[in-house]
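Let's take a walk through this protein together, one piece at a time. Keep the picture open while you read.

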Amino acid sequence: MEFDLFKNQVRFKIALELIDVDEGLSILQLNKLLKEVSQATLYRHVNSMVEDDLLKVVGINRSGKVEEKLYALNTQAYKVSQEDWQSATYSERIRFITYYFMYILQNYKNYHERSVEEQSQDQSTFSLVKLNLTDDSFANFQSELSSLMEKYYHAQEPEQGSERAVSLVIIP
């Protein structure tokens, strides 16, 4: 299966809305969020995404005789162990990377909406740096970076701190 979320705007928008929504959303709820997409189009794309294992049904809302399925991202389809990554095809790696970037985009969207709502200044940053390193220096760099991330990950201060997303992509 080729993973074409970036080529299909509707599927991409559906996936973005469902990131971090473990309880799922119904077609009607998605339709309210994606006003520019018709309900029929949503049904068609959601059904295709379920068939492709990108989405899963996580529940059913009942209102009288009417049942509405609740859909969520099938995150199991996006989790990759080191062993699976090493044996993955190019298409499978692209699938995982696509999900990763969708997650980052959704985090930024949520952050931006909160910033506007709270009338606070956007403090997000991002940069691209090309480093000229030997293999040994590169291994040391990755190790030091990993240690730094672990240090702050384990030093969580739940009552005092705010959740902050830090994303790194290293292309050797």
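## The hairpin

Start with Ser 63, which sits opposite Val 66 in strand S2. Keep in mind that this is a predicted model. Strand S1 covers residues 55-63 and strand S2 covers residues 66-73; the two run antiparallel, and eight bridges join them.

What about the turn that links S1 and S2? The hairpin has two residues between its strands, and Gly 64 takes a positive phi there, near 70°.

## Glu 68, a buried charge

Which side chain of opposite charge is nearest to Glu 68? That would be Lys 32, but Lys 32 is 8.2 Å away. A salt bridge needs a nitrogen and an oxygen within 4 Å, so Glu 68 has no salt bridge, even though Glu 68 is buried.

Glu 68 does have a polar partner, though: its side chain and that of Ser 26 are joined by a polar contact of 3.4 Å. If you set aside neighbours within four places in sequence, Glu 68 is in contact with Ser 26, Leu 28, Gly 59, Ile 60 and Asn 61.

## Helix H1, mostly under cover

Now find helix H1, residues 9-18. How many of its 10 residues are buried? Eight of them are, so the helix is mostly covered, with under 20% relative accessible area as the cut-off for buried. The buried ones are Val 10, Arg 11, Phe 12, Ile 14, Ala 15, Leu 16, Glu 17 and Leu 18.

What do these buried residues pack against? Their partners are helix H2 (27-33), helix H3 (39-51), S1, S2 and helix H5 (90-118). After H1 comes Asp 20, which has a positive phi, near 65°.

## Salt bridges

Side chains with opposite charges can pair up when their charged atoms come close. In this structure there are five salt bridges. One of them links Glu 36 and Lys 13, whose closest N and O atoms are 3.1 Å apart. Glu 36 lies in the loop between H2 and H3, while Lys 13 lies in helix H1, so this pair ties together parts that are 23 residues apart in sequence. Glu 36 counts as exposed, at 53% relative accessibility, whereas Lys 13 counts as partly exposed at 27%.

Another salt bridge joins the side chains of Glu 67 and Arg 62, at 3.1 Å from N to O. Is Arg 62 buried or exposed? Arg 62 is exposed, with a relative accessible area of 58%.

Go back to helix H1, where you'll find Glu 17. Its side chain meets that of Lys 109 in a salt bridge, 3.0 Å from N to O. Because Glu 17 lies in helix H1 and Lys 109 in helix H5, the pair ties together parts that are 92 residues apart in sequence. Glu 17 counts as buried, at 14% relative accessibility, while Lys 109 is partly exposed, with a relative accessible area of 29%. There's also a network here: salt bridges that share partners join Glu 17, Lys 109 and Glu 113.

Which residues does Glu 17 touch, not counting those up to four places away in sequence? They are Leu 25, Leu 30, Leu 33, Leu 34, Gln 106 and Lys 109.

## Aromatic pairs

Last stop: the rings. The structure holds two aromatic pairs. Tyr 100 and Phe 101 form an edge-to-face pair, 5.2 Å centre to centre and with 80° between the planes. Both are partly exposed: Tyr 100 has a relative accessible area of 22%, and Phe 101 has one of 35%.

The rings of Tyr 108 and Tyr 111 also pair up. Their centres are 6.2 Å apart and their planes are at 50°, so this pair is tilted. Both residues, Tyr 108 and Tyr 111, lie in helix H5, three residues apart, which is about one turn of the helix. Tyr 108 is partly exposed, with a relative accessible area of 37%, and Tyr 111 counts as partly exposed at 22%.

Terms used: Residues numbered from 1 in each chain as written. Heavy atoms only, no water. Pairing = 2+ DSSP bridges. Helix = DSSP H or I, 4+ residues; strand = E, 2+ residues; numbered from the N terminus. Buried < 20%, exposed > 50% of the residue type's maximum accessible area, 1.4 Å probe, protein only. Lys, Arg positive; Asp, Glu negative; His and termini not counted. Polar contact = N/O pair within 3.5 Å; in protein donor to acceptor, adjacent residues only side chain to side chain. Contact = heavy atoms within 4.5 Å. Phe/Tyr/Trp six-rings, centres within 6.5 Å; stacked < 30°, edge-to-face > 60°.
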